[in-house]
Structure formats: C-alpha cells, structure tokens
Amino acid sequence: MKKALAIDMGATSIRGIIGYIEDNEVKLEEVMRFSHEIKSSNGRLRWDFDELLEKIVSTIKENANEISSIGIDTWGVDFGIIDKEGKLIEHPVCYRDPKHQEGYEEALKTLGEKEIFAETGTQIMSINTLFQLLTLRKVSLETYEKAEKLLMMPDLIQYLLTGNMVGEETILSTTQILNLKTGDYSEKLLKELNLDRNKLPKIAKAGSITGNVKTGLIEELKDLDVDVVSVCGHDTASAVLLTKVMTDSDTMFLSCGTWSLFGIRAESPDLSEKAYDKGLTNELGFDSTPLLFKNLTGLYLLEKYKTGLEKKLGRKLGFDEITAYVEESLKKEETISNLIDMEDSRFGSEEADAKEVIDEYLKENGLKLPENEMDYFRVIYESMVKKYLEVKKALEEISGKKYGKVHMIGGGAKSSLLCKLIAKRLEVSITAGPYEASALGNILVQLKALGEIKTIEEGLEAAYKSQEIKKY
C-alpha cells in the first residue's frame, strides 16, 4: 500500500494530509496544519516563504518512512523568480499587495480590458500574474531582468524539491497569460506588452511523477526517497475534481473558502464579450477540463469581522453561537435589505477594518446599519448568497441551461446555515462535502500516478464512500 502526502496551501493556513486506499475507501490522516501571515518587506506585501518551505520540509522528513510521494497545490496567481544560478531571487510577493494596480494600469496603456480577456478568458483582476509581472518590471527592473524563470507557487516548491522545472496547466490558467483556447501562452499579449516568453516555463498536464527529493535543491531531503507528483497545482482545480461537476454537466460547483469560486463545467473556454461583461473567468481543471466561473470574496470578510469582534469582546465566538443567532434572526425577519456587494474591492482588502468598510458601504448606499454587532453576520451571509444568485443567473444566461443542483466544497460547506440559505435563495439542491476537497483531489492524482488506482473515477468512488457528504 502506497501513501501520498498532500501539501494543500491556502492563503491563511497550509495543511499536510496523508492519503491512501484501504478497503476500497480513501483514508486521510492530517499530519500538519499551520497558520501563516503576509508580511511587509522591502515595500511589498510578501509571503513568509522561508517559514512555509521549512514547514513543508519538516513534514516530509517526519513522514518520509510512510509516504511514497508528495504533491503541492496552492492559491493562484502568485509566483517566485529564479535567477540564472537556479536560485530564488526574493520572497514571492502576495496577490494582496496594492502595487499590482500599477501593472494593471500599465497594461491598459497598450491594450483594453476586452482585448486582454479575448486573449486569455481570465477575469480581469489587478492581482493576476500578468499585472504582477508588469508591476515587477516597473518597480524593480533589476529583479525582472535577473529573472531566468517565473514559477507559480506550487511549481516553485516542486522545483526546490526536485530540481526540475514544470509549468502545470491548471495553475498557469490563473495567470492571464495562458490562452485557454490554444492551451499555450498568448503570443499577442507577450508581444504587445514586451514580455519575454523565455521567462515562462514549459506547460505540462497534471498527473505525472516529475522527480524525487533525492535530486532536489534541499540538502536535508537528499537522503530520502520520496517522489514528487505534479498534481492540479491550483487548489480550485484540485477541489473541483471532487465534485459531481466532473461527471454531471448539469451540476454547478461552489468552492467556498477564503474566496468563493462559483461555476460550471463548460463545453469549451468562453472568451466572448458576453462572458467578459458578466465578469466570468475561464480556468482549466484536471485533464484540461474547461471551467467557467466567477471569483468572489468568500468567507474572508466573515472571518475578518469575527476576529475583530472577538478582540473587542475579549472572547472567542464559536460558529455554533453565530449560527444560532442568525437562524433566530431569520425566524424574526425572512429577508433583509441592507446587503453589501461582495464584489466591492474594499471587502477583500488586507488593511481594511471589516466593520468600518461594511458601515461605509451601507451609508454610501443609503442603507441602514445593523442594530447590533451580531447582526453583521447575517448581513455578510445574506450578501454572499445574493451574489451567488446573481452569478447563477449569469451562468444560466450564457450557457443557455438551467441548473438545479450545486455541489459545495471547502470550509463553507461545513456550515449548515450557509448551505440552507443557498438552497432556499437559489432554489437548488445542495450536495455539501467533502470538506478537504483540495487535499483529496491532490491525493487522488498522486495515487493514480503511483498506480494505486487505475482511474480517477475509481478514486472518486472510494473518496465518496469514506467522506462525510450532506444533502440539503
């Protein structure tokens, strides 16, 4: 029996989960969970990469006798820069760094938003890799010129573990540089924006063993024998692999965590003006599966408000307490009108105070402020669901289909309150779970590469048997 270690990296915490097949079920064992923070360094917001890498390395060492392979999945858009000597030049900049706006504005001097979207199919957001790269060139030309290769976060860690460079397609599909129609980098964007294609890695599909820690750049791992598998590097692609969307085109997916990603499996990438107008994005799932969805602020605002309120109250607030309060509020008042637009950029800001920006938005729009501090939780939950309804209507309009089923994954799927609200407001049935979907998708791709399962479908059957899944 071979065991796989999934390193599943989120924007606020990373997890290490070992998975294997036993009695036709996927067994999971969490061996690491670690919270991390963005830090300011040299005038930029950066990931504490040394700390993250040290945690990954120590987890591999602690479990080396048990595992056969490791796979890395992370959030999208962020990257590391490798120089001619094969070394990481500096800690990767975080997508929340406000300077990325400069790269976005730089791009618009040459090309319009619609032109950029028509080349890539990626939702226009200043955090996207394309604009980050333009920002780097503008504010740190010397660093840009030193760059031999740009590696997305999961590919960067995989390179350090193996010494081999791979550009996995699902994580590259978050960059705004990949043309999803051709499956290659956009020659037009590279030419018009004067970007060097040679700095970008060769594109590869998920699912193969790309190296072993024996040949990597981390000395303390060279005595070990652990294969490294290129999994779906984007955590969304790893997570969506666990949904019914992969086998049922009439089901929508909702990956609900720090971010919400709500969408469908498409027939082909949609690079149309209509998709642009709806603010939709195209990305790739496992085996180049086209996914059409919308990126939204998810539980980030709720968690941020909760943290601020806990600090004020001087105690922890359990989700059971929050849920009970909101459910009681729903009994008293079926609907509320003082909702916020979750797409407003201030609600995803790292620096902003959650209560202050909610109050600011409500005042600007002539809406009443919540009567007490706990009422803000209902405002946030209801605002999330209102936005999901808008996205559902947009996707139905563009696809010409009606959707009555949603498969929810991620931390938000654990909330019975949120699941019930979505089911009611969107008039859909909800399948909720597995909750550790990104890690599970990561593990299934590894187990297939190791020969422990013949097909992904076989792995999915084993996963559904072993994980908690609820219906609403």
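The largest nonpolar core of this structure contains 87 residues, and those with the most contacts inside it are I340, F377, Y388, M408, I422 and I430. The model is a predicted one. Helix 14 (residues 375-399) provides the largest share of this core, with 11 residues.

**Nonpolar cores**

- In general, nonpolar side chains of soluble globular proteins tend to be buried together.
- M408, one of the residues with the most contacts inside the largest core, touches L254, C256, A413, L418, C419, I422, I430, T431, A432 and G433, when residues up to four places away in sequence are not counted.
- Among these partners of M408 are I422 and I430, which are also listed with the most contacts inside the largest core.

- S69 belongs to strand 6, which spans residues 69-73.
- S69 counts as buried because its relative accessibility is 0%, where the cut-off for buried is under 20%.
- A polar contact of 2.6 Å joins the side chain of S69 to the side chain of Q446.
- With neighbours within four places in sequence left aside, S69 is in contact with K3, A4, L5, V226, D227, V229, Q446 and L450.

**Cavities**

- Three cavities of 30 Å³ or more are present in the structure.
- The volume of the largest cavity is about 90 Å³.
- R44, F79, I81, E90, H91, P92, V93, H100, Q132 and L136 line the largest cavity.
- Strand 7 (79-82) and helix 4 (129-139) are the elements that give two or more residues to that lining.
- By residue class, the lining of the largest cavity consists of five nonpolar, three polar and two charged residues.

**The second largest pocket**

- The second largest pocket holds about 680 Å³ of space.
- Its lining has 26 residues, and M125, S126, I127, W259 and S345 are those that lie nearest the centre of the pocket.
- Helix 2 (100-108) and strand 18 (290-297) each contribute at least two residues to the lining of the second largest pocket.
- Strand 18 contributes the most to this lining, with four residues.
- The lining of the second largest pocket divides into eight nonpolar, 11 polar and seven charged residues.

Technical notes
Residues are numbered from 1 along each chain as its sequence is written. This is a predicted model: local features need pLDDT of at least 70, side-chain atom pairs count only at pLDDT 80 or more; totals for chains, interfaces and linings use all residues. Side-chain values use heavy atoms; hydrogens and water are left out. A nonpolar core is a set of buried Ala, Val, Leu, Ile, Met, Phe, Trp, Tyr and Cys residues joined through side-chain atoms within 4.5 Å. Buried means under 20% relative accessible area, exposed over 50%, partly exposed in between (1.4 Å probe, protein chains only). Contact means heavy atoms within 4.5 Å. A polar contact is a pair of N or O atoms within 3.5 Å; within protein, one must be able to donate a hydrogen and the other to accept it, and residues adjacent in sequence count only if both atoms are side-chain atoms. On a 1 Å grid over the protein atoms alone, a cavity is a set of points where a 1.4 Å probe fits but cannot get out, and a pocket is an open set with protein on both sides within 12 Å along at least five of seven lines; lining residues have an atom within 4 Å of a point. Grid points are joined across faces, edges and corners, and a volume is the space filled by probe spheres set on the points. Ala, Val, Leu, Ile, Met, Phe, Trp, Tyr, Cys and Pro count as nonpolar, Asp, Glu, Lys and Arg as charged, and the others, Gly among them, as polar.
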